Amino acid sequence: MREAGERFRIELEKSGFPGPGDYIAARLDEGQRLAMKEQIDEFGRTFAALERQVAELAGELADKQPADTAAMQERIDGLKRELERAIGDVQTAARYKQEAERLAAAIGSAEEQARQLEEQLAQVMDLHQMLKGDNALKLSFERYILIEYLEQILQAANVRLSGLSNGQFMLQRSDRLETRGRQSGLGLDVYDAYTGQNRDVKTLSGGEKFGASLCLALGMTDVIQSHQGGVSIEMMFIDEGFGSLDEESLGKAIATLVDLQRAGRMIGVISHVQELKDAFPAVLEVRKTKEGYSRTSIVLK
């Protein structure tokens with residue numbers, strides 16, 4: 001017994017138990033020992049399997065070189081930088097896409113406004129073309145308005161022209177279309193009572209043209225004064241033209257001017273025709289001298 005006790009004490013010291021009480025406190029029952037034994041056996045089996053796997057892997061890697069982890073890390077870093085750049089490019093593209101959509105909407109709005117303005121411009125241009133006379137009648141709006149005044153002037157002019165031409169001529173507005181891009185509506189024809197036909201005023205002789213022009217001028221003054229009550233045309237100057245008249249026409253022209261003078265208008269005539277000088281009560285004569293200048297004198301009758 002003493003030997004057994006001594007051996008027990010030695011085993012306790014080897015096991016690190018300070019005394020028998022500590023051993024008794026640490027001792028396990030049968031179930032705990034079996035469970036722990038099963039854990040130890042399982043650990044052994046697992047450890048053996050891992051050793052086999054390690055051996056197998058070692059065999060597989062025996063002829064292989066270890067990977068260059070530094071190069072791999074550098075490659076990974078490069079790919080990360082490329083990824084960051086790609087992400088930046090995607091974000092930039094997204095901003096460009098938003099800006100492009102905004103610009104597309106603005107362009108669409110501007111295009112619609114331009115289309116509406118073009119439609120309005122087309123209407124205005126059509127109206128402008130019509131008003132300026134680019135139409136089938138070659139008649140501008142201005143000339144259309146002037147036609148009414150021309151008709152009144154012709155009516156007043158024909159009153160004097162009938163007497164001046166012994167009833168032969170009567171001025172009429174022409175509706176013929178002009179050529180070479182010229183505007184129509186204000187052309188003049190003359191009705192010749194002797195032939196019963198209309199003809200262009202350009203076919204009149206020099207004296208006939210002067211008589212027609214004189215009557216038109218007098219008719220214009222009559223119409224202006226009738227429309228503008230505050231305007232009074234009290235003076236009229238006529239430059240030349242009487243030399244182309246025959247004796248009868250000259251006498252009638254002088255009579256017409258005398259009637260105007262008696263009606264209160266002052267008539268001034270610039271002419272070399274002696275009959276006119278004799279017909280007017282006051283004459284301003286201009287004579288050229290040999291010295292190169294002119295002398296004037298007033299002759300009262």
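1. In this predicted model, the side chains of Glu151 and Arg173 meet in a salt bridge, with a nitrogen-to-oxygen distance of 3.0 Å. Because Glu151 lies in helix α5 and Arg173 in strand β1 (residues 169-174), the pair ties together parts that are 22 residues apart in sequence. Both partners count as partly exposed, Glu151 with a relative accessible area of 34% and Arg173 at 22% relative accessibility.

2. Salt bridges that share partners also join Glu38, Glu42 and Arg45 into one network. The count of salt bridges in the model, by the distance rule applied here, comes to 11.

3. Two further pairs lie within single helices. Lys37 forms a salt bridge with Asp41, the closest N and O atoms being 3.2 Å apart, and since these residues are 4 positions apart in helix α3 (residues 30-60), about one helical turn separates them. Lys37 is partly exposed at 49% relative accessibility, and Asp41 is likewise partly exposed, with a relative accessible area of 31%.

4. The other pair is Lys97 with Glu101, whose salt bridge has its closest N and O atoms 2.5 Å apart. Both residues belong to helix α4, where a spacing of 4 residues places them about one turn of the helix apart. Glu101 counts as partly exposed, at 44% relative accessibility.

5. Turning to the nonpolar surface, Leu127, Met130, Leu131, Phe141, Tyr144, Ile145, Leu146 and Tyr149 form a patch that together has about 750 Å² of accessible area. Helices α4 (69-131) and α5 (141-164) each supply at least two residues of this patch, and α5 gives the most, with 5 residues.

6. Leu146, one of the patch residues, is found in helix α5. With a relative accessible area of 36%, Leu146 is partly exposed, and it can belong to the patch because membership requires over 30% relative accessible area.

7. The crossing in which α5 passes α6 is right-handed.

Definitions and conventions: Residues numbered from 1 in each chain as written. Predicted model: local features only at pLDDT ≥ 70, side-chain atom pairs only at ≥ 80, totals over all residues. Heavy atoms only, no water. Patch = residues over 30% accessible without salt bridge, like charges linked within 9 Å, V, L, I, M, F, W, Y side chains within 5 Å. Areas by Shrake-Rupley, 256 points an atom, 1.4 Å probe, with all protein chains shown as cover. Salt bridge = Lys/Arg side-chain N within 4 Å of Asp/Glu carboxyl O. Buried < 20%, exposed > 50% of the residue type's maximum accessible area, 1.4 Å probe, protein only. Left-handed = near helix turned anticlockwise from the far one by under 90°.
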